[in-house]
Structures are given as structure tokens and as C-alpha cells.
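The sequence and the model are shown below.

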Amino acid sequence: MELKKEKRSPDSSPQQEAAAPLPKQWLVDPECTVRRDPERCIQCGVCARQCANDVHEYDENRKEVSSDSANCVGCHRCAVLCPTDAIQIGREERQFRAHGLWTGEILRDIYKQAETGGVLLSGMGNDRPGTIYWDNLLLNASQVTNPSIDPLREPMELTSFLGRKPDRLEVAASPGNGLRIATALPPQLQIETPVMFSAMSYGSISFNASIALARAAREAGTFANCGEGGLHRDIRPYAQNMIVQVASGRFGVDAEYLNAAAAIEIKIGQGAKPGIGGHLPGEKVDAEISETRMIPEGTDALSPAPHHDIYSIEDLRLLIFSIKEATGYAKPVSVKISAVHNVAAIASGCVRAGADIVAIDGYRGGTGAAPAAIRNNVGIPIEFALAAVDSRLREEGIRNQASVVAAGGIRCSSDVVKAIALGADAVYIGTAALAAMGCHLCQKCYTGKCNWGIATQHPELTRRLNPEVAVRRLTNLLRGWSHEIKEMMGGMGINAIESLRGNREHLRGIGLQEQELSILDVKPAGR
């Protein structure tokens, strides 16, 4: 087939045409395609008013709306709010010649970096296709010899206590011929469901999102983590359902901050970006964030990769006990680490350093911003990390000395049950909580232009998230998950979450290699 050639101006040469300036991002395809149905569109302009990314433009003179797909991030705000369902958001990427090594994704990334010369950033967690091990683990169910339990008619216990447990308990007689525990117990976190809200800092998410998480935690009988951005003064009334972080930047940390919360978490690593620090741009640091983080307004909030006072397990122990001393030994201290190679030994060191809780964040964990190269290539799945840590602590005889919290890719109630069977005492959820509030995972959190009012500080955008509605949706999510957890436990013949923890006999693997089953310490299906 002959290709039609464009006619060239008689005054121009091929060399001049080749040297002509090219449009910006000329090799980079739009990530999304906006399709507008002209038969349905009433030119009301709602899409133009709702989009913070300048995708839609309303022409006052012509009374028409036009759209530029190049700016679309796929948040679906316009499509959801269009009164006539005239807008559809799709993805139509350029189809490159098939190549096993130089895939379309690799080429597009090269084009972007050739245009900008910068680091490729992304929000949320690792989105690459790969084995999601939760989906390759199947739960057990009771049949004849071990009857199932009906959670609607029989009591089911989801309450858990997070913190260090003594090696042995002593009991003593109490008035009325009863018994009481005579052993002094270390401080514990009591949760009514084995799900907590993961660390998300004020600054990376809006105030409305932050207070919704805190209020929902109180209503659901669980805890929310304020992240490394400090604790806003208006969230402090909910502090008894908050876990506060001490990160490398030490933002907002003082004695009042430590003593206000129910527990303190030392953040060593994050699943989405192990080994690197964080950065909140100065344009996001307004007066409220400045006061909360205790940094000057308009300055960048930089979290170094390491804590500059922690270079060994002994240094970590000093910080743990400094925090315990500052809080009168009345609050459990957690250490959050990334799921990396040799994570079991690292977790063991944290426990021996005095950590009451160890939180492990897998490589599919979410974040507001991370270099894509780090997010996609560093760390290991939470399923492997969790199984390895639980086994290591049991082998060393110190499993009772710390609770284990799993994070990074917990999507639903069945993931929670499988995580507990692998050895977790509880789980953190972050992305699932944001989705409950309306997040559509466009992965552009770092731009600060979240059209749903979640990952933004722009006043006109933050007010789109109604905290009352967000609290209701978050508590509904936890309530629904709790019902499903009880159903699954009842089907296994278990009436208490404590009986499921680390009980891998209730798991079977399907479609997994022998080495994977060995690391998970799970039998294959059929055995």
C-alpha cells in the first residue's frame, strides 16, 4: 500500500523541516481518552467546573464544552457527576510493534524522561501485573467432625489486644471466689476488629480525610495512624484512637504529641519506597500544615532516608526506650519496617530492641508519591514477609513479645483472614480506606489536584469531601468486613480470632511452586 505524502512548501527543505520545533511531549501519548456523546451532552459545564486538571473547557461565547484528553488523569470525577452520562473515560494507548524486551510501557517511560529529564513519580502502590499471593491461598471449611459455627446465633470474638505479652501469667484469688490476673501486663491496644487505618499524613491527604479516618476509628473501635505529618489540633480529641508516628523528619514530635496518642510508631521504612525518604513540597505547606508539622510555612518538608540517630539495633533500642520513658511506659511502641530481603531477622532485632508491635509494609503498599523505579522493583510481597517473620519469631521463642501487623495490599475481608492465618495479629489498610472515601486510584496524588478532595490541600477541592459522609462509608466498610470475617471463621469452626492467628492448617495453596509453598509454610491444595 502506498502511503500518502504531505506536500512540502516550495520554500522549505527537508533539513529545515527536520529541525522545526516539535510540540511539547510529542512522543508521549495521553494516559486517558475522553469521549463525549454529543447526543447526550447538554453543554451544562459541570465537567469543566469539577475538573482540576484543565481537561474540560467551557466557552462562554459559544456555550460549548470541549475536552483535551492530554490532561486527563482518569479520576472519573466528570463522568460520575455528568447529569446525562454523556462522558466516558477510556484508555487507548499507542500500539507498538510487539517486543518482549522493549515493551510499550518501557518506551513510554523513556519518552517521558527524555522530555523532562526527571524522576518518574507515581502515587498508590505497585500496579504491575504479577502474582497476588492472597488469590493463590484458599481457606478451610468445617464438614463432619468439626462442625461449623453460625455467627448469627453464636458468639464470635473479633477483639484483639496488640502489644507485648508476658512469658507466663500468674493468677490469684479475688473476692467472691473468682480469679484475677496477678501478673502486671504491658500496655495493650484493644481493637474490636482486626483492621486499622494505615499511616497517612496530614499534608499528603486533606484535613477532611484525616479527621474522617480518626472519627471512623473511634466509631469502629479501632485505630487510625496519623503518619509522619504530626497531629492536627482539631484531631487531638480523637487521639485515644490514634497511633502517632516518629519518623526521620520528627515532624510535630514533642512530649504532648507522644502522650496524647494511644500508641507511638517509629517509622523505619515504607513498603512503596523502602530505603528512601519522603518529600512534601513547600507549596503544600500552608499555615495549618506548618503549625502541625512545626516547620516554617512554605518550606519543603524533607524526611531523610535514615534516622540520623539510628545506625544499629542498639540505637533503635535507645529511641524505643526514650519514647517509653517520655510516656511513662504507659503506651505500646511499634516499629514499622518495609518488607525487604532478610525481613525476618530485621523484625527479630526490632522485637529484641523492645518493640511491642512490629508493622510490616509489603511492596504493594500505597503512598502519595514514590519514584516508579523504587516502587516497582524494591521489596517483597507482604505474604512472604509475614510468613517469614511469624516463623522466625516462633523459632526464637519471642513471638509473644510483640504483635505483628501486616500492611501493603490488603484489599478485602478474605485478605484479612488469610493474613491472620499466616501470622498477623491485625492488618493496616490505606488504599482500601481511601477508595471507601471516593478515591478512584488515578495515581496522581503527588500533583495535589485530587478532584475527590482527598490527596489535596486546595480549599476548593478539599471541601468536596464531606467528613460526615466519609466517616459513614469507612465505618460501613469495616462493619461489612467484620461480618464477612465472622462468616469465614464460623465456616472454619473457629469462634475467636486468636485461634486463627498463625494457624496455617486452615490455608492451602493453589497454583504455587514448591519453593513458594515452603516459604509460606502452607500445604498444597488436596493435602
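Buried denotes a relative accessible area under 20%, exposed over 50%, and partly exposed the range in between, with a 1.4 Å probe and protein chains only. Because its relative accessibility is 52%, proline 237 counts as exposed. The C-alpha atoms of proline 237 and alanine 260 are 9.0 Å apart, at a sequence separation of 23 residues.

The model is predicted, so local features need pLDDT of at least 70 and side-chain atom pairs count only at pLDDT 80 or more, whereas totals for chains, interfaces and linings use all residues. Residues are numbered from 1 along each chain as its sequence is written, and side-chain values use heavy atoms, leaving out hydrogens and water.

A disulfide requires two cysteine sulfur atoms within 2.5 Å; a search of the whole structure finds zero. The sulfur of cysteine 47 has its closest cysteine sulfur, that of cysteine 44, at 6.4 Å, too far for a bond. Cysteine 442 is likewise in no disulfide, with the nearest cysteine sulfur, in cysteine 75, 5.8 Å away. Cysteine 47 is buried at 7% relative accessibility, and cysteine 442 is buried at 18%.

A charge sits over a ring if NZ of Lys or CZ of Arg is within 6 Å of the ring centre and within 35 degrees of the ring normal. Two such cases follow.

| Charged residue | Ring | Distance from ring centre |
|---|---|---|
| Arginine 293 | Phenylalanine 251 | 5.4 Å |
| Lysine 324 | Phenylalanine 321 | 4.9 Å |
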